[in-house]
Amino acid sequence: MKNILILCGMSSSGKDSILRKLVSDYDYLPIISVTSRPMRIGEKDGVDYLFETKENFLKLIKNDRLIEYRTYNTLLNGVSDCWYYGLIKHVLDDNKKYVVILDIQGTKDFISYYGKDKCEVIYVDCPSEIRKERAMKRGSFDLTEWERRSKCDEVDFSEDKRIDVVDRVVQNWGISLDDVVKEIVEKGGLE
């Protein structure tokens, strides 16, 4: 029985907005990733991410507490840094619906841990110019970091990497967020 919806897509494609709407309007439970990156303006610990220090994140890795994790070397305001993102192992209730945001490799690792029979994978598509506009509206937009992320996204979310992983594609532009989420729910394979 499928009860986990995985959202994946490039930076600023609208995954977080979709997740929030699924949680608030459709009774999905969020599976929240953990990160060592700095909190952005408006983000809340335990809501957007579980924010940890690098030292605590490395302890999670050492103690085999993560399904998957990845690192991003970044340059923010002229300062080099390494940010960690990952997903803590959870016991999930088969009678509840969950939603999680992952990249393609994280999706593969997640499916390996929980099973393909429990997961539906949706790729959230959005043109690059709209994604950049959305990113600029967030707090702390950094052009250098945006360009780095965009280059990585083009590789990480290329069609050849999505094949055999993504169940369907949803366009998140040109229609309202309500309509995007309604399409996800009505055409979805979750029980």
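**Exercise 1. State the accessible surface of the protein and the share of carbon and sulfur atoms in it.**

Solution. The accessible surface is about 10,400 Å², and carbon and sulfur atoms hold 49% of that area. Areas come from the Shrake-Rupley method with a 1.4 Å probe; for residues, only the protein chains shown count as cover. The model is predicted: local features need pLDDT of at least 70, side-chain atom pairs count only at pLDDT 80 or more, and totals for chains, interfaces and linings use all residues. Residues are numbered from 1 along each chain as its sequence is written, and side-chain values use heavy atoms, with hydrogens and water left out.

**Exercise 2. Compare the radius of gyration with that of a compact globule.**

Solution. Take the radius over C-alpha atoms; the globule rule is 2.2 Å times the number of residues to the power 0.38. For 191 residues the rule gives a value near 16 Å, and the protein has 16 Å, so the two agree. The C-alpha atoms fill a box of roughly 45 × 45 × 35 Å along the principal axes.

**Exercise 3. Describe the setting of Glu-145.**

Solution. Helices (H or I, at least four residues) and strands (E, at least two) are DSSP runs, numbered from the N terminus; the protein has seven helices and nine strands. Next, classify Glu-145: its relative accessibility is 5%, so Glu-145 counts as buried. Buried means under 20% relative accessible area, exposed over 50%, partly exposed in between (1.4 Å probe, protein chains only). Last, list the contacts (heavy atoms within 4.5 Å). Leaving out residues up to four places away in sequence, Glu-145 touches Thr-74, Leu-75, Leu-76 and Trp-83.
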